[in-house]
Amino acid sequence: MNAHFISVHPEDRPHVRAVAVLVHRYGLLTVVAAALRLAFRRNRNRPRYDADLPNRLRRDIGLEPVSRGRVYWEL
């Protein structure tokens, strides 16, 4: 997007500074454990479906509500 407008110098690495702040605040062991937990968690790329959003949120963002499916006694 606008990343090409931001001048990045080799000595200016904000991601390294962010990790350093996290290590300073929470400790190295906690930061490494959180990173490992994040890397090996289950359902990282869970499929998304239209029905994942409730109808009230769908209405708020301008989508049509998901129609209710047939119930088993109507079959």
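This is a predicted model: local features need pLDDT of at least 70, side-chain atom pairs count only at pLDDT 80 or more; totals for chains, interfaces and linings use all residues.
## Burial and surface

Buried residues account for 4% of the 75 residues in this protein.

## Overall fold

In total the protein has 3 helices and 0 strands.

## A nonpolar patch

Have a look at Leu28, Val32, Leu36 and Phe40: together they make a nonpolar surface patch of about 430 Å². One of these residues, valine 32, sits in helix α2, which covers residues 28–39.

How accessible is valine 32? Its relative accessibility is 38%, and because that value falls between the 20% and 50% cut-offs, valine 32 counts as partly exposed.

## The salt bridge

A search of the whole structure turns up 1 salt bridge. Which residue does aspartate 60 pair with? Its partner is arginine 59, and the closest N and O atoms of the two are 3.8 Å apart. That distance is within the 4 Å limit, so the pair qualifies as a salt bridge.

Are the two partners buried or exposed? Arginine 59 has a relative accessible area of 57%, so it is exposed. Aspartate 60 reaches 54% relative accessibility and therefore counts as exposed too. Both calls follow because exposed means over 50% relative accessible area.

How values were computed
Residues are numbered from 1 along each chain as its sequence is written. Side-chain values use heavy atoms; hydrogens and water are left out. Patches are made of residues with over 30% relative accessible area and no salt bridge: like charges are joined within 9 Å, nonpolar side chains (Val, Leu, Ile, Met, Phe, Trp, Tyr) within 5 Å. Accessible areas come from the Shrake-Rupley method with a 1.4 Å probe; for residues, only the protein chains shown count as cover. A salt bridge is a side-chain nitrogen of Lys or Arg within 4 Å of a carboxyl oxygen of Asp or Glu. Helices (H or I, at least four residues) and strands (E, at least two) are DSSP runs, numbered from the N terminus. Buried means under 20% relative accessible area, exposed over 50%, partly exposed in between (1.4 Å probe, protein chains only).
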